[in-house]
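Before you read the points below, please have the sequence and the model side by side.

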Amino acid sequence: MAQPTMEDQLHQLLTDTHSSSEGPRKQAELHLKQASTNPAFPGSLAALASHASVAPEVRQSALLILRTFVEKNWSGHDEDGPTIAIDEGVKEQLRTGMLELATSADADRKIKNAASYVVSKIANVDFPEYWPNLLPALLLLIPNASDAQLHGALKVLSDLVEDSLSEDQFFSVARLITTVVYDVSINVNRKGSLRALAVSVFRSTFDIMDMVKDEHGPEIKGFADEVIQAWSPFFMDTLKKALPPRPKQEEGFKGLRDEGAESWSGIIALKLQIVKTLMKIKMVFPAILLPQSPALFSTIWEELSLLQDAYKGMYVDNDEQGRLEDTDGLPYTLDFLVLEELDFFSSCLRAPPVREELEKRLQSNSGVSATPWVGDVMKLAVGYAHIGKEEEDLWDIDVNLFLTEETSVTTNYTARTACGDLLVKLGEWLNQGALEGLLTYTQAIFSSDTATWRSREAALYLLTQLTTDFLDLSKEIAPELANAFLALVDYAINRPNEPLLRARGYLVSALLVQYLPDVSLALLDRTIKAVNADEAEVVKVSCIRALQGFMKARIVPADRQIPIIQSISDFLYAKDLTDIEDADDLLVTLVESLRDAIALDPRIAVSNESTALDLLFVLAKHGAANFQLTMLVNEAFEEVTESLAQSSEAYTALCTKVLPSLTGAFDVGDMTGDNPLIELATELLAVLTEKGSEPLPPGFVAAALPKLNRLLMATIEGGILRPGVEAIKFMLMHDHQQVFAWQDESQRYGLEVCLIIIDKLLGPTIEDNAASEVGGLAAELVEKAGQERLGPYLEQLLKAVASRLATAEAAPFIQSLILVFARLSLVGAHDIVEFLSQIQINGQSGLQVVLSKWLEHSIHFAGYDEIRQNVIALSKIYSLNDQRVAQTMVKGDLIIPASNKIMTRSQAKLNPDQYTIIPAPLKICKVLIEELLSASGHSASASQLANLEFADEENDGNDDWEDLPNSVLDLGLGSTKADLMAYANEGSANFMRQRDDETQAYLVEFFLKAGREDVAGFSGVYALLSEEERGKLNELAGAAGQQVSQ
């Protein structure tokens, strides 16, 4: 019997990879990996993929594996390991075979797409040197190809333009490519989906132009101007073309592959790609598109107005399927088109020619609200801001989803949110005029007998977005405007059968009251009552969220604090608490409102009339796995603790109330295996201890330390160890006498217990990050216990710290350990040098080990107090003028390689950075100079200056129209707004340190004295500094009217 061929074997293995049984599937994957070394492997995969008789899923699998094989082995070099050689003959067969398959008449798009990916991976390596005829073959095929062939050819061309064309190659073929795809795009006899794909290829060329425009400005801009002028009439004509009759819903689901729906979805896909291309052009060459902006603005506006009824019928009145893309990744549903056009419409509002024309019309009318175009924009925005049927149904089932949308943390960017962005842009331009225009249109809707609740809700939703932006920017709203809107709110919250309108009314009221200090308390009372009295869940959670606005407005009298907290408590305990553990946004909303209620008067936390803190802890328990919630709970508890700590009596009452709950959580979490709960409880204990009184309340240590000690000795989790160690450190800081007097169940005193914990954390089994707070505890223990109490344990402790420092790698852990020696050096630098000189660590002097690590990592220290302590400690060690320090050699400056060639990761591993080797005193001075610059704020100023210079270079008078440089993300769409805002809220983009006058003054005085008195031979050290360092030193010292060194 004949042996099965390689193809037969691979066919069986690929079939087995689709098996539902894990055993055969895993075995097949293993055999495939083994077969990859066979020279016939890639060719056999290609042959299998080309057979129409083979099952489609097997063909796809063959192409997927082939693509991975090509990507790893085709070039003969792979950073992640050895490669498998591919014969040149096989390579030629694969080039030809994969291109033929990708551009064949095969009707299966998935197969052709997979083949085009293989072609793309080959082209990344071979084009054009080893595959010079690839692009000419595609450009020759496209004009006369059948639809099936054309699809494959365009897909390969798209991959080629996106991944394989170099800058030089692009210059030589750009005109040919744009001409060929232009001919496809304007051919009305081609399917709309193919024309859309051709426009997509054209759009990709602008990514290359964007990369090379700075280096080849005039040529690229000239070419871009030429092609944009050529394509613009086609763009405009297509955008003006009306959509054909809409297919039935069941046809629409089949999308671009169904002939009945092709005329509808095809033209949508084409229009979509045109708008995307216009957005791309606007980002890359805004000045070129600027003259056409008024015409484009009008065309898009007209189209959006025409599409409104169809959009409403599909997505507002019904729940038709949207957000669909074809196998090429091209979107083809109406909701996507509307979204793109709304974004482009918004961006056009910033174009100077558009704005000039609209401003002329504003000036020719008596006011913003009387200007027709403002009302038309409001009508458009309100129409597309209606709640979709899908959202309405989902919110009815899960109010957490409603809150997710409301807090703008959702990634589901819709026409509704795009309209909110549109109103925000209008507000940035027209200021209160945007509110006046919205008020006029909203009043008309509310007074109309034919208006639906959706229209009224949509108008108030836009008011929510606009008012929120005004609040964020601290912009004023006239009281008469706010009161006029408040009258509409009163109407909304009294609609019995329209829960989403009622919910919106309460949410808007919470924003408006922040502009109305004299608002009636009846609205507040109504909101408090509705938290539990309203029948609709969506209204209840909206009221809970709305209460935050009233409290921010500071109009809540003291006697409403308990009712607010009670309403939240009643709402929470009316539920099965296990059901809300996954409702992250609901939990966050509850905690935020409770936090604000407690903050009205933190004394409520220790009142016998209120269970506010108990409620906070219940929410914390059920949301401990939610990072945002734990942060909020931490902040709320910190605010309470900080406020009450001003009174010893109040702080004692707080400890009495919360310590049993916090330490009890250690037991509950331990029994249930709930690590997040234990982490949160430990963090809160650290907060309670940090803000504590001095001394701590009697019995504090006895109540907190026993369970905390057992917990720390039983875990290796950093999330528990870090705050737990901090808590003990704070106990020592505030009341070391109570710690040292306490005994555990084994009659060990607190000092010994602390030493045992430190010993564990310095051991090799604890990861660096988990032990990052141990240095602070050790330093505090040494300072508070002193030589007398510690006796022989002091040297053992310091040697253990030095030994662990030798192997430490994580920056926070290294800083923590170094600060043990730094803090001791503040009062006994000579003793530290003496001690380190006498110990050996892995065959090296302890002084060598510690100073090397210390000086290498000093410039990366974080925390003003820590940096200041470190700076002073280093200056004292330098001033000792100790020969043992002078003879210690450490890393100096980075040696810059002569070659500027970019190295791969593997080459970098083989050629690590090299440093000069210099004496420790010289390195200390280099570090202190760097710290002097940081403390003076020079680094931050330089960074800010660079940003300003960059902005000036980019300014060509069209700031309002231009977007940010598109170096990383396509920011033309508003869909990334929530992500960007979330990122911005995490912290400033400028990570430079700000001024630290105290540290700066100390260092200036140190260097002036060193130069004046030649401390520790400073003149010799000064001569060894780099020219730049000497210049910086003299510049900063010159401001003091003195000279650092001769």
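At what angle do helix H34 and helix H35 pack, and how far apart are their axes?

1. In this predicted model, helix H34, which covers residues 700-714, packs against helix H35, residues 718-741, at an angle of about 145°, and the axes of the two lie 11 Å apart. The crossing of H34 and H35 is left-handed.

2. On the H34 side, the contact is made by Phe700, Val701, Ala702, Ala704, Leu705, Leu708, Leu711 and Leu712, while H35 contributes residues including Ile720, Leu721, Gly724, Val725 and Gln738. Sorted by class, the contact of H34 with H35 has 15 nonpolar residues and 2 polar ones, with no charged residues.

3. A second pair to look at is helix H1 (residues 6-16) with helix H4 (residues 56-73), whose axes come within 9 Å and cross at roughly 100°. Angles from 65 to 115 degrees count as roughly perpendicular, and H1 and H4 are therefore described as roughly perpendicular to each other.

4. His11, Leu14 and Thr15 of H1 make this contact with Val58, Ser61, Ala62 and Ile65 of H4. The residues of the contact of H1 with H4 divide into 4 nonpolar and 3 polar, and no charged residue is among them.

5. Helix H11, residues 217-240, deserves a separate look: it has 24 residues and reaches 33 Å from its first C-alpha to its last, which is close to the 34 Å expected at 1.5 Å a residue.

Conventions: Residues numbered from 1 in each chain as written. Predicted model: local features only at pLDDT ≥ 70, side-chain atom pairs only at ≥ 80, totals over all residues. Heavy atoms only, no water. Helix = DSSP H or I, 4+ residues; strand = E, 2+ residues; numbered from the N terminus. Expected span 1.5 Å × (residues − 1). Axes fitted to C-alpha atoms, helices over the stretch in contact; angles between N-to-C directions. Left-handed = near helix turned anticlockwise from the far one by under 90°. Contact = heavy atoms within 4.5 Å. Nonpolar A, V, L, I, M, F, W, Y, C, P; charged D, E, K, R; others polar. Parallel < 35°, antiparallel > 145°, perpendicular 65-115°, else oblique.
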